[in-house]
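Trainee: Before we discuss this model, may I see the sequence and the structure together?

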Amino acid sequence: MVSYKDLGLVNTREMFKGAIKGGYAIPAFNFNNMEQMQAIVSACAETKSPVILQVSSGARKYANQTLLRYMAQGAVEYAKELGWEHPQICLHLDHGDTFELCKSCVDMGFSSVMIDGSHLPYEENIALTKRVVEYAHQFDVTVEGELGVLAGIEDEVSAEHHTYTRPEEVVDFVSRTGVDSLAISIGTSHGANKFTPEQCTRDENGHLVPPPLRFDILKEVEKRLPGFPIVLHGSSSVPQEYVDIINANGGKLKDAIGIPEDQLREAAKSAVCKINIDSDGRLAMTATIRKFFNEQPDKFDPRQYLGPAREELKKLYMHKIVNVLGSDGKAQ
Ligand code: G3H
Ligand code: 13P
Ligand code: ZN
């Protein structure tokens, strides 16, 4: 048993208190490798933003869970070395799907876990979530649950259609499970194709315009759970410039579209205090590397393309922190 407290990590409790009070959201960035971790930590150290480092079960398989945990411990030391006096870094399991997986993360030093029972029948979701909460809370590890299903297909997360969260269920779910935060479905989804062209309209330049998020559902949830931390998954904006660079350099991303940043900014000012971003980072890295390969075909040292990719990622994360989430300066 390893306690996250001995690794210098924090759970989400104080982070979310600050976010609710201050009208901002904590960034939850996924990581699978060293360059992503370095970019996240250096962006957060420079902006003094609290951060949630997220590990999916796919990431655990890809990178080895022991290594990831040591990387998170290393992230705290790296942050201090960069001059961030009191780093607020949470190591979080993203989309845990079984009690055993959540337990294993709690036991090996994660400070927060998500148990995603959103695809289960309601009562089964409650029973599974409650079991994880009872275990995790013994070690002061915070737990995120989910109600409502997000559409989208990724390695480990897939659903064909989304089902919006039903506000009439949230009080019962939160009180019966004891979760510390709740992920809801209001129209976001995972990946780089969040809407089909048929679901969108077009602006005067012919660019796709997605349907707006269901802020009415969010408001209804907030009314029923005042001051309770809400989480938004699937919150990448899919910057068109990255999609264009990828496609101009041999990529084939068709009809890629994300959530407009002004809507996320608005959400961050509400009870939404954790915003999950993974795909935008994938796009930033891929765009940089594709362009590099195309322009400099004689180069083969991975540092020559991973270095600029890491810089681009850092730029992206700083932009999200300062211009979208508003979490800069909240962890001195
Ligand atoms: O929500 C899912 C995250 O983007 C992680 O994706 O399962 O491909 O690692 P992944
Ligand atoms: P995106 O695919 O929109 O980046 O969402 C990531 C996410 O929700 C991770 O849990
Ligand atoms: Zn997610």
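This is a predicted model: local features need pLDDT of at least 70, side-chain atom pairs count only at pLDDT 80 or more; totals for chains, interfaces and linings use all residues.

Trainee: How many residues of α2 are buried?

Mentor: Helix α2 covers residues 34–47 and has 14 residues. A residue counts as buried if 20 or more other C-beta atoms lie within 10 Å of its own. The buried residues of α2 include Gln36, Met37, Ile40, Val41 and Cys44. Because α2 is largely enclosed by the rest of the structure, the number of its 14 residues that are buried is eleven.

Trainee: Is Glu46 buried, partly exposed or exposed?

Mentor: Glu46 lies in helix α2. Since a residue is buried at 20 or more neighbouring C-beta atoms and exposed at 12 or fewer, a count in between places it in the middle class. Glu46 has 17 other C-beta atoms within 10 Å, so it is partly exposed.

Trainee: What is the class make-up of the contact of α2 with α4?

Mentor: The axes of these helices come within 10 Å and cross at roughly 35°, and the crossing is right-handed. From α2, Met34, Met37, Val41 and Ala45 meet Met71, Ala75, Tyr78 and Ala79 of α4. By class, the contact residues are eight nonpolar, no polar and no charged.

Trainee: What is the class make-up of the contact of α6 with α7?

Mentor: Helix α6 (residues 122–137) and helix α7 (residues 167–177) have axes that come within 8 Å and cross at roughly 35°, and the crossing is right-handed. Tyr122, Ile126, Thr129, Lys130 and Val133 of α6 make the contact with Glu169, Phe173, Arg176 and Thr177 of α7. Sorted by class, these residues are four nonpolar, two polar and three charged.

Trainee: Which residues come nearest to ligand 2?

Mentor: The shell around ligand 2 holds one nonpolar, ten polar and two charged residues. Strands β3 (89–96) and β12 (272–277) each contribute at least two residues to this shell. Among the 13 residues around ligand 2, those that come nearest are His233, Ser236, Asn276, Asp278 and Ser279.

Trainee: What separation lies between the C-alpha atoms of Glu46 and Asp328?

Mentor: Glu46 belongs to helix α2. Along the chain, Glu46 and Asp328 are 282 residues apart.

Notes
Residues are numbered from 1 along each chain as its sequence is written. Chains are lettered from A and ligands numbered from 1 in the order in which they are written. A residue is near a molecule or strand if its C-beta atom, placed from the backbone, lies within 6 Å of it. Helices (H or I, at least four residues) and strands (E, at least two) are DSSP runs, numbered from the N terminus. Ala, Val, Leu, Ile, Met, Phe, Trp, Tyr, Cys and Pro count as nonpolar, Asp, Glu, Lys and Arg as charged, and the others, Gly among them, as polar. The expected span of a helix is 1.5 Å times one less than its number of residues. Axes are lines fitted to C-alpha atoms, for helices over the stretch in contact, and angles run from 0 to 180 degrees between N-to-C directions. A crossing is left-handed if the near helix is turned anticlockwise from the far one by less than a right angle, and right-handed if clockwise. Two residues are in contact if their C-beta atoms, placed from the backbone, lie within 7 Å.
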